Structure formats: C-alpha cells, structure tokens
Amino acid sequence: MLIRYKKNFEKIAMGLLSFMPEEKDVKKLQHTIKEYETNPDWQLFLWKEEDILGAVGVYFENENSLVVQHITVNPSHRNMGIGKKMILAVKDLYKAQANLRADDLTNDFLEKCELDADEDE
C-alpha cells in the first residue's frame, strides 16, 4: 500500500533513500528529505506491507508531467515486484493529472517496469 510521507517516517525514509548511490552522503540525504517536506511539487511515498519496504519520490515538472526521481526498496525485499507495485500505484494515483516519466537516475528501472508489464499482458 502506498502511503504519503510524514515527518514521523523521516528515519525510515532516510534509511531507504540512502540505498540510492546518489543519496549516500548524509548532507545530500538531509537536503532531499527537507525538499520533500517543504516543496509542494515534490511528493514522497512509502510502500507498506507488514513493514515499510520501499520509497518512491516524484516531482511535478509541470501540470501534465510527473517525474520519478527516487525509487528504492529495502535490499532484503528486492526482486519481489515491490518497485513495480510502487510505480503502478503512483501511476494510478496521478492518472487523471499527469503523465509519469523517469529522470536519468530512474529511467532504467521504469523501462524495466514497462517491459515487465508488456510481458504480463
């Protein structure tokens, strides 16, 4: 289940985002979390099953374009389809407002999700 980030999830979100290579530096990670907390165009979501297992961060480039800029899953729960579930949930959440696309860092993963979706049909 996709849940919106709240301040009380800060440590969990920072832990998940720290698995992304470009977010390893603590100062960069703190800046990223602060941006999600203060910028209305940036939205961070957590994926919860029994525990919180992943995070996906997006920003509105404009009113019709939503960009996935962060996606991460707890390493012990990878290759179980959680990342794909998060992308599908975000697409569903914003289907009426914006087209979903990737940035340079998330492009390979989103392309893999699209390929997997084609195989499922």
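**Exercise 1. What covers the buried residues of helix H1?**

Before starting, note that this is a predicted model: local features need pLDDT of at least 70, side-chain atom pairs count only at pLDDT 80 or more, and totals for chains, interfaces and linings use all residues. Residues are numbered from 1 along each chain as its sequence is written, and side-chain values use heavy atoms, with hydrogens and water left out.

*Solution.* 
- Step 1. Find the helix. H1 spans residues 10–17. Helices (H or I, at least four residues) and strands (E, at least two) are DSSP runs, numbered from the N terminus.
- Step 2. Pick out its buried residues. Ala-13, Met-14, Leu-16 and Leu-17 are buried. Buried means under 20% relative accessible area, exposed over 50%, and partly exposed in between (1.4 Å probe, protein chains only).
- Step 3. Check their direction. These residues cover an arc of only 165° around the axis, so they sit on the same side of H1. The arc is that of the directions from the helix axis to the C-beta atoms.
- Step 4. Name the cover. It includes helix H2 (26–38), S2, S3 and S4.

**Exercise 2. Describe the overall build of the protein.**

*Solution.* 
- Step 1. Count the elements. The protein has four helices and five strands.
- Step 2. From the N terminus, they run β-α-α-β-β-β-α-β-α.
- Step 3. Find the buried share. Buried residues make up 41% of the 121 residues.

**Exercise 3. Locate the nonpolar cores.**

*Solution.* 
- Step 1. A nonpolar core is a set of buried Ala, Val, Leu, Ile, Met, Phe, Trp, Tyr and Cys residues joined through side-chain atoms within 4.5 Å.
- Step 2. Take the largest. It has 19 residues, and Phe-45, Val-56, Met-86, Ile-87 and Val-90 have the most contacts inside it.
- Step 3. Trace its sources. S2, S3, strand S4 (65–73), H3 and helix H4 (107–120) each give two or more residues to this core.
- Step 4. Look for another. A core of 16 residues lies apart from the largest one, and includes Ile-3, Ala-13, Met-14 and Trp-42.
- Step 5. Zoom in on Phe-45. Leaving aside neighbours within four places in sequence, Phe-45 is in contact (heavy atoms within 4.5 Å) with residues including Leu-2, Val-56, Val-90 and Tyr-94.

**Exercise 4. How many salt bridges does a search of the whole structure find?**

*Solution.* 
- Step 1. Recall the idea. Side chains of opposite charge can pair when their charged atoms come close.
- Step 2. Apply the cut-off. A salt bridge is a side-chain nitrogen of Lys or Arg within 4 Å of a carboxyl oxygen of Asp or Glu. The search finds six.
- Step 3. Take Glu-10 and Lys-7. Their side chains meet at 3.3 Å, N to O. Glu-10 is partly exposed, at 24%; Lys-7 is exposed, at 52%. Lys-7, Glu-10 and Glu-37 are linked in a network of salt bridges.
- Step 4. Take Lys-28 and Glu-23. Their closest N and O atoms are 3.2 Å apart. Lys-28 is partly exposed, at 37%, but Glu-23 is buried, at 1%.
- Step 5. Take Glu-49 and Lys-85. They form a salt bridge at 3.6 Å, N to O. Glu-49 lies in the loop between strand S2 (42–48) and strand S3 (52–62), and Lys-85 in helix H3 (residues 82–93), so the pair ties together parts 36 residues apart in sequence.
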